[in-house]
Each structure stands twice: as C-alpha cells, then as structure tokens.
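Please consider the following account alongside the sequence and the coordinates.

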Amino acid sequence: MIVIDFNREIELATKATKRISISSVPSTPELTPERNTRHDPPSSLLLVRIVQIGGYCTNVKSENGHVFCGLDESSVSKIDCLGNLTRRFTELRSRIAGLDVGNGHVYVSVDGYPNHVSKFDGQGRKLATWNHSDMKGCWSSNLAVIGDQVAMLDKAGRRIVQYTLTGVITRIIPCGVVRGRWASICVADEDCVVISVYETSTVAKINITTGSMLWLHEGITGAQGVTCYKGQYILVASEGLMTNITVLELHSGNNLQYFNLLSMRNVTYLTSYI
C-alpha cells in the first residue's frame with residue numbers, strides 16, 4: 001500500500017534496499033506565531049510512502065514535488081508528486097556521485113577520474129557537460145546548485161570548486177575540512193554551503209563568497225547525508241545499526257535534536273522540501 005501525503009517535507013534514500021522512502025515531519029507549533037517563517041526543529045519523521053526504484057540509491061534530491069534519485073547502476077530515476085516512477089529519467093556511464101536540481105534543471109556528476117558532470121532539462125535532455133576533478137569510487141553527494149553557480153567538492157585537492165551553470169570554473173576555494181573519500185555538500189543559503197565528512201565525523205558551514213568557515217560541529221559519528229530544512233536547520237544522517245538523525249541550528253551549528261529511525265537502516269542521503 002502506498003500512502004500519499006502532499007505535505008511531506010523530507011525525502012530519505014537508502015542503499016540497503018532498492019527503494020526510496022518518503023517521510024514527513026509532524027506538524028509542530030511555531031515558536032513565534034507573529035513570524036510565520038519561524039519553525040520548531042523536527043523531532044521525528046513519519047513514514048508515508050515507499051517507492052520501489054529497483055537500484056541502489058546514491059543520491060536523492062527534490063524540487064517542485066518531484067524527487068530525483070541517483071542510482072549506482074548509472075541512471076537517474078524520477079518520482080512525481082503522485083508517486084509515479086520514471087525508471088530511467090536519464091542514463092549515464094557510471095555510478096552517480098552527485099545530484100542536485102535547480103530552476104527546473106538537473107545536475108549530475110558521474111563517478112570516475114575525473115568526474116563527468118551533465119546538466120539536463122526537466123525531460124532528461126542533456127544541455128551541457130564538463131569534467132570535474134574528484135576522487136573515484138566514493139558514495140557521497142559532491143554537488144550543490146547555489147543560485148547561478150554549481151559548487152563541487154574536490155576531496156583530493158581539499159577544496160570547493162565553483163562553476164557556472166554550464167561548467168566554466170569561476171572560483172576555487174581552499175577548504176581544509178574536506179578530506180577522505182566520503183563527504184557530502186548541501187546549500188544552506190545564497191552564500192553558504194554545509195559539508196559533512198564521514199571519516200572525521202564533522203559538519204561545517206562554509207561561506208563560499210568569503211571562503212571562511214562559519215562553524216564546525218564535531219562528534220557526529222558516520223556523518224553522511226546532509227540537508228537544510230526550512231532555511232533554519234541542518235539535518236545530518238549517520239548510519240549504524242539504525243539510522244540516526246542529528247538536527248543542528250543553521251546559524252550556530254548547535255545540536256538541537258537527535259532521534260533514530262527505528263524502522264530503517266543505512267539511510268545515508270537526505271533532501272528536504274523547502
């Protein structure tokens with residue numbers, strides 16, 4: 001049975017089973033009713049739908065009710081707002097290493113050295129391609145669309161590389177927090193990204209305009225999936241016997257909440273509806 005909830009806000013992808021689970025955050029009262037933009041941090045997730053996608057999911061992103069799943073079998077699947085699955089929205093030449101959506105376009109990086117990056121329209125037609133230097137063989141999300149730029153992790157070079165939306169390098173930002181083979185990136189706001197690093201159990205907020213690190217949160221063992229929730233919080237998924245979700249305050253990096261997904265294991269990639 002598929003349960004459809006049009007108010008769902010968090011997407012979870014798991015590499016343990018060939019499916020994507022769509023969950024929602026229970027409604028909570030606002031901290032300051034006079035400001036409609038203020039929300040309490042989420043304290044749990046409710047499972048509302050499971051969609052069988054037939055491949056191990058390496059990345060998941062959403063925009064305008066559509067969910068895009070990057071698979072290790074060299075393709076991207078698309079799920080619409082009613083749960084209808086387009087099994088092969090587009091096919092590529094290797095496992096998906098990074099995926100993001102912005103302004104109706106889908107950006108995908110493919111595992112290899114160098115990574116091969118492609119830009120697609122909403123129908124899966126390729127619009128642009130370029131190469132990006134990053135490690136080969138990583139389960140991570142190394143790409144984020146931030147305004148009119150694409151920010152990508154170069155873990156070997158320990159840096160963030162900014163591209164135009166058609167692949168022209170505009171800036172290279174040294175970033176010492178990026179290290180090892182397993183790091184993920186998400187957009188925090190118009191000037192900042194948040195990076196999680198599995199090997200060092202750290203999460204950091206980086207201003208890509210100034211290149212400065214605004215905060216560093218340590219101690220999230222196995223940090224992998226990372227997403228911004230309602231422009232106020234960062235959710236970090238870490239794997240173990242059960243999936244753990246840590247909620248950080250976006251401005252300060254302070255730890256606000258921690259909860260488990262008892263029914264799901266190895267949830268490693270997150271995205272949220274804003």
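Predicted model: local features only at pLDDT ≥ 70, side-chain atom pairs only at ≥ 80, totals over all residues.

Are both W130 and Y163 buried or exposed? Both residues are buried.

The overall setting may be described first. The protein has 24 strands and zero helices. Of its 274 residues, 56% count as buried. Among contacts with a separation of 6 or more, 45% are accounted for by residues 24 or more positions apart.

Confidence in the model should be kept in view. The mean pLDDT of the protein is 80, and 80% of the residues reach 70 or more.

Strand β4, residues 57-63, is joined to β5 by six bridges, and the two run antiparallel. Within this pairing, N59 stands opposite G70 of β5. The hairpin of β4 and β5 has two residues between the strands, and N64 takes a positive phi near 50° there. Strand β5, residues 66-71, is mostly covered, with five of its six residues buried.

Strand β5 also pairs with β6 in the antiparallel sense, over five bridges. Here L71 stands opposite S75 in β6. Three residues lie between the strands in the hairpin of β5 and β6, where S74 has a positive phi near 70°. Strand β6, residues 75-79, in turn runs antiparallel to β7, residues 85-91, and four bridges join the two. V76 faces T90 of β7 across this pairing. Five residues separate β6 from β7 in their hairpin, and G83 in the turn has a positive phi of about 90°.

What aromatic pairs accompany these strands? The structure holds two. In one of them, the ring centres of F68 and F89 lie 5.3 Å apart and the ring planes stand at 70°, so the pair is edge-to-face; planes over 60 degrees apart fall into that class. Because F68 belongs to strand β5 and F89 to strand β7, the pair ties together parts that are 21 residues apart in sequence. F68 has a relative accessible area of 6% and is therefore buried. F89 is also buried, with a relative accessible area of 9%. Both values can be judged against the limit for burial, which is under 20%.

The residues of the opening question, W130 and Y163, form an aromatic pair that is tilted, with 5.6 Å from centre to centre and 40° between the planes. W130 lies in strand β11, residues 126-132, and Y163 in strand β14, residues 159-164, so this pair ties together parts that are 33 residues apart in sequence.

The bridge partner of V110 in β10 is H116.

The other open sheet also has four strands, in the order β12-β13-β14-β15, and its pairing is antiparallel. Its edges are formed by β12, residues 143-146, and β15, residues 169-174; since each has a single partner strand, one side of each is left without a neighbour in the sheet. From one strand to the next the twist averages 20°. Four bridges join β12 to β13, residues 149-154, and these strands run antiparallel. In this pairing, V145 stands opposite V150 of β13.

Definitions and conventions:
Residues numbered from 1 in each chain as written. Heavy atoms only, no water. Pairing = 2+ DSSP bridges. Axes fitted to C-alpha atoms, helices over the stretch in contact; angles between N-to-C directions. Buried < 20%, exposed > 50% of the residue type's maximum accessible area, 1.4 Å probe, protein only. Contact = heavy atoms within 4.5 Å. Phe/Tyr/Trp six-rings, centres within 6.5 Å; stacked < 30°, edge-to-face > 60°. pLDDT = per-residue confidence, 0-100.
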